[in-house]
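Please look over the sequence and structure shown here. The briefing that follows is grouped by topic.

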Amino acid sequence: MATISAVILAAVSVVGWRWWHNHPPYGPEALAVTSSLRFVSYDEAEAALGEAAHAPVTYGRDQLVLGRVSWQTPPKPLDGGYFAVFLIDKRTNHKPEVFGVAAPQSAVGIGSAGIENRIAERYSWLRGAGDATFGDEYRSNGNRLHVADEKAAPLTFVALFPYVEEPDPELPRATAPVAMSDLLLALVYMGEDGQVYWAQRLQG
């Protein structure tokens, strides 16, 4: 009888730990997030980024998108977790590859992580957050912004959408010409062990 009780207690403990481990420390409403997106020239992008960074270099019909995301100080520090800012071209579900960011690299990084495929699995509207699939092969489909410092707001960034004369249908990318209606901006809160706490659609 004691053994059965111990097993039940252990099972309850595991369920309780899993709930606590995956339970968001707070919801998106606690951040009061605001955001904006607009097309800018290279000179406007340089001015917006200031001395902290340089805008991506453009040629011909390339396009630059200036984005700003701001939030209130969270109730709790990130403690190894992070905010992921996704700018996605909904036509291809791909992200830009090149960014300029007005923040130290220690606070905001640029890249991708396989663990973020969990976002796409949980939120169908964020399919572009994960890697692109080609048969049984996974490939990166661009980059997102990895915010490791909750004090990095307001976050200002510039994304490059390069013009490609003859796009390869087998290798879709986030390219120009792009319209503002084609863009999705989202903020995702990830835990230190890859938990997807929540995702908030900001625009698009």
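**Surface patch and overview**

Tyr42, Val57 and Tyr59 make a nonpolar surface patch of about 330 Å². Patches consist of residues with over 30% relative accessible area and no salt bridge, where like charges are joined within 9 Å and nonpolar side chains (Val, Leu, Ile, Met, Phe, Trp, Tyr) within 5 Å. A salt bridge is a side-chain nitrogen of Lys or Arg within 4 Å of a carboxyl oxygen of Asp or Glu. Accessible areas come from the Shrake-Rupley method with a 1.4 Å probe, and for residues only the protein chains shown count as cover.

The model is predicted: local features need pLDDT of at least 70, side-chain atom pairs count only at pLDDT 80 or more, and totals for chains, interfaces and linings use all residues. Residues are numbered from 1 along each chain as its sequence is written, and side-chain values use heavy atoms, with hydrogens and water left out.

**Tyr42**

- Tyr42 belongs to helix 2, residues 42-49; helices (H or I, at least four residues) and strands (E, at least two) are DSSP runs numbered from the N terminus.
- With a relative accessible area of 32%, Tyr42 is partly exposed, a class between buried (under 20%) and exposed (over 50%), taken with a 1.4 Å probe and protein chains only.

- An open sheet is formed by 5 strands in the order 5-8-3-10-11, with antiparallel pairing; two strands pair if DSSP finds at least two bridges between them.
- Strand 5 (108-111) and strand 11 (196-203) are at the edges with a single partner strand each, so one side of each has no neighbour in the sheet.
- On average, neighbouring strands of this sheet are turned by 20° against each other, direction ignored; axes are lines fitted to C-alpha atoms, for helices over the stretch in contact, and angles run from 0 to 180 degrees between N-to-C directions.
- Strand 5 pairs with strand 8 (residues 144-147) in the antiparallel sense over 4 bridges.
- Gly111 is opposite Arg144 of strand 8.

**Asn93**

- The loop between strand 3 (82-89) and strand 4 (99-101) holds Asn93, which is partly exposed at a relative accessible area of 22%.
- Leaving aside residues up to four places away in sequence, Asn93 touches Ile88, Arg127, Gly128 and Asn141; contact means heavy atoms within 4.5 Å.
- Asn93 and Leu183 are 90 residues apart along the chain, and their C-alpha atoms are separated by 9.5 Å.

**Whole protein**

- The protein has 3 helices and 11 strands.
- Of its 204 residues, 43% are buried.
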